[in-house]
Amino acid sequence: MYIGGFIVLLGFGLFQQSAAILLFTLPWILFAHLFVIFYEEPHLRATFGEPYNSYCRSVRRWLPATSHFGHH
């Protein structure tokens, strides 16, 4: 969701040829990253405990593991 919003904002800035919108994408993604680290992840850890910790160990935070593409 956060990456999708970033891509939409980036695309809109490119479409509008707006330096202001393009520059805004940097603090926006930084805010989203900090929100995830300092609020969302601790909340999920407190809610789900070890299952969430296990999930975190098996997936990357922002980008999918490329080794899984094309495998079912």
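Along its principal axes, the C-alpha trace spans about 45 × 35 × 10 Å.

Please keep in mind that this is a predicted model, in which local features need pLDDT of at least 70 and side-chain atom pairs count only at pLDDT 80 or more, while totals for chains, interfaces and linings use all residues. Residues are numbered from 1 along each chain as its sequence is written, and side-chain values use heavy atoms, with hydrogens and water left out.

The chain has three helices and zero strands, where helices (H or I, at least four residues) and strands (E, at least two) are DSSP runs numbered from the N terminus.

Let me take the helix pairs in turn. The axes of α1 and α2, which are lines fitted to C-alpha atoms over the stretch in contact, with angles running from 0 to 180 degrees between N-to-C directions, come within 9 Å and cross at roughly 175°. That makes α1 roughly antiparallel to α2, a term used for angles over 145 degrees. Contact here means heavy atoms within 4.5 Å, and among the residues making it are Phe6, Leu9 and Phe12 of α1 and Phe24, Trp28 and Phe35 of α2. By class, this contact has 14 nonpolar, four polar and one charged residues, counting Ala, Val, Leu, Ile, Met, Phe, Trp, Tyr, Cys and Pro as nonpolar, Asp, Glu, Lys and Arg as charged, and the others, Gly among them, as polar.

Helix α2 (residues 19-48) and helix α3 (residues 50-58) pack at about 130°, with their axes 6 Å apart, and are therefore oblique to each other. The contact includes Glu41 and Phe48 of α2 together with Tyr52 and Cys56 of α3, and its residues divide into five nonpolar, one polar and three charged.

Finally, the largest pocket: on a 1 Å grid over the protein atoms alone, a pocket is an open set of points where a 1.4 Å probe fits, with protein on both sides within 12 Å along at least five of seven lines, and lining residues have an atom within 4 Å of a point. It is lined by 15 residues, of which Glu41, Tyr52, Tyr55, Arg60 and Arg61 lie nearest its centre. Helix α2 gives the most to this lining, with five residues, and by class the lining has 10 nonpolar, no polar and five charged residues.

Note on methods: Parallel < 35°, antiparallel > 145°, perpendicular 65-115°, else oblique.
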